Amino acid sequence: MKGSQNNKDSGEKMIWDQMRSSTGNPLPGPGSQSPRATPKLLVWLILFVSVTYIVYTLKLVSTSRAACSDLDDPFSTPRHLATTSSLLTTNVTDDRTVQIVHPEPEQTSVKHIVFGIAASAKLWSQRKNYIKLWYKPDTMRGIVWLDRAVANQTREGLPPIKISGDTSKFGYSNKQGHRSAIRISRIVSETLRLGLKDVRWFVMGDDDTVFITDNLVRVLRKYDHTQYYYIGSLSESHLQNIFFSYGMAYGGGGFAISYPLAEALSKMQDRCIQRYPGLYGSDDRMQACMAELGVPLTKELGFHQYDVYGNLFGLLAAHPVAPLVTMHHLDVVEPIFPNVTRVQALQRLMVPVKLDSAGIMQQSICYDKSRSWTISVSWGFAVQIFRGVFSPREMEMPSRTFLNWYRRADYTAYAFNTRPVSRNPCQKPFVFYLSKVKFNSTMNTTFSEYVQHRVPHPLCKWRMADPAAFEKVEVYKKPDPQLWNRSPRRNCCTVRNSKKKGTMVIDVGLCKEGEISEIATTI
């Protein structure tokens, strides 16, 4: 009985030992001399797996936290959208980090723009001279779209000429307009169908539209050309904007359409035009199609329709703080410089444009404290000297040297604030127009000279210095091509002491820390 019990115990021990063995073999007894290599190997294997698991777990947690922190911060730049000088993509494979460098996308330049210019054969011989002022056939691409062939189609530094397609199938029922509006509204689509390569933007303008192309490029660089964009500006006339639309880009002032939007437009425009036979012009037909596409107007203040008559001086001398991109209706208004033709005046303006296109027409306001004068510099165009102190708030409003589109002197007729031309004989400005400009490469500074426009001034009885004693104003300014890459702000100006008799000297440039346009007042 005892023997059988011993056999039973030894059998159970054998089964238990087999269960404890990872290999299913009996574990050696106390007296066994078998090596312990197998258990050591298992221990090291378990440690290796554990450490690897912990490392990868920590790496996963840290990556998740970084991603979450990016999402939690609304002002951080998402990593997949960040644009830097080089974009780094990191791939983790077998604990090795591989960095792949992606080149930065090429910036938009004038070579990515195609101009579509609406012209008429009747006025071509006269208005082609405006196009010659700004179009450079060696570096630019564009098409002039005429209603019929003209006798002399030599290039003469002009874009190629094409005849618009037949539009007789489209209805036109507006009794005040002309059906040429239909062909003009289709210029963007017709230009797209030419199949030009590497195009990002189609820019529309009239034959009497003058472009400052460097500033056009600066404006378009702000926008993603792969998205739908319709960029332009309104009319200066409040009534025009009411009659047509406050959401419409005026074609004479120019507008830009991104390539994807032009593609979408070309697919539906003919059907769209058929739905609006009663509209007046090409601009409102274009805007109607944009409304059907659901694309709003992106307003840029530098596109100028100039729906006014008379003298543009007040508008140009107080240009908004935005790059000057276009000017239109130059056949309607007076020459921008006195005693010259319209084309000669624009040729003079193009000289400072070449030296500092970003700063052209930009206003600076400062004061001659010793004489109690207010001075306004519209760089590259004109300088004004006023007796007395005018606040910057007044000076940045255009003076009404012009009439509205309906030839009335009505201050309520404009889509912006204006100020009246002063009736006080002592507050009539002394105007100095640009006469010459040059660039000093050693000093990296432009020197521009402005000569007084001699016109009769009424008698002033104020006991203060008379600006009539000055013959000219010299302005020194460093070119600033990065001006519009910063937040919008007027430049500052300072009146310098001058030893030249009859000459005022002014410095124009970026405002220094704490510098503002003011005359100190006692509190």
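A residue is called buried under 20% relative accessible area, exposed over 50%, and partly exposed in between (1.4 Å probe, protein chains only). The model is predicted: local features need pLDDT of at least 70, side-chain atom pairs count only at pLDDT 80 or more, and totals for chains, interfaces and linings use all residues. Residues are numbered from 1 along each chain as its sequence is written, and side-chain values use heavy atoms, without hydrogens or water.

Rings of Phe, Tyr and Trp (its six-membered ring) pair if their centres lie within 6.5 Å; planes under 30 degrees apart are stacked, over 60 edge-to-face, and the rest tilted. This rule gives 22 aromatic pairs. The rings of Phe-313 and Phe-381 are 5.7 Å apart at their centres, with planes at 45°, so the pair is tilted. Both Phe-313 and Phe-381 are buried.

Trp-373 and Phe-470 also pair, in the edge-to-face manner. Their centres are 5.7 Å apart and their planes 80°. Trp-373 is in strand β14 and Phe-470 in the loop between β18 (445-452) and β19 (472-477), so parts 97 residues apart in sequence are tied together. Strands (E, at least two residues) and helices (H or I, at least four) are DSSP runs, numbered from the N terminus. Phe-470 is buried, at a relative accessible area of 10%. For Trp-373, also buried, the value is 0%.

A charge sits over a ring if NZ of Lys or CZ of Arg is within 6 Å of the ring centre and within 35 degrees of the ring normal. Arg-348 lies over the face of Phe-337, 4.6 Å from the ring centre. Arg-496 places its charged end over the ring of Tyr-476, at 5.2 Å from the centre.
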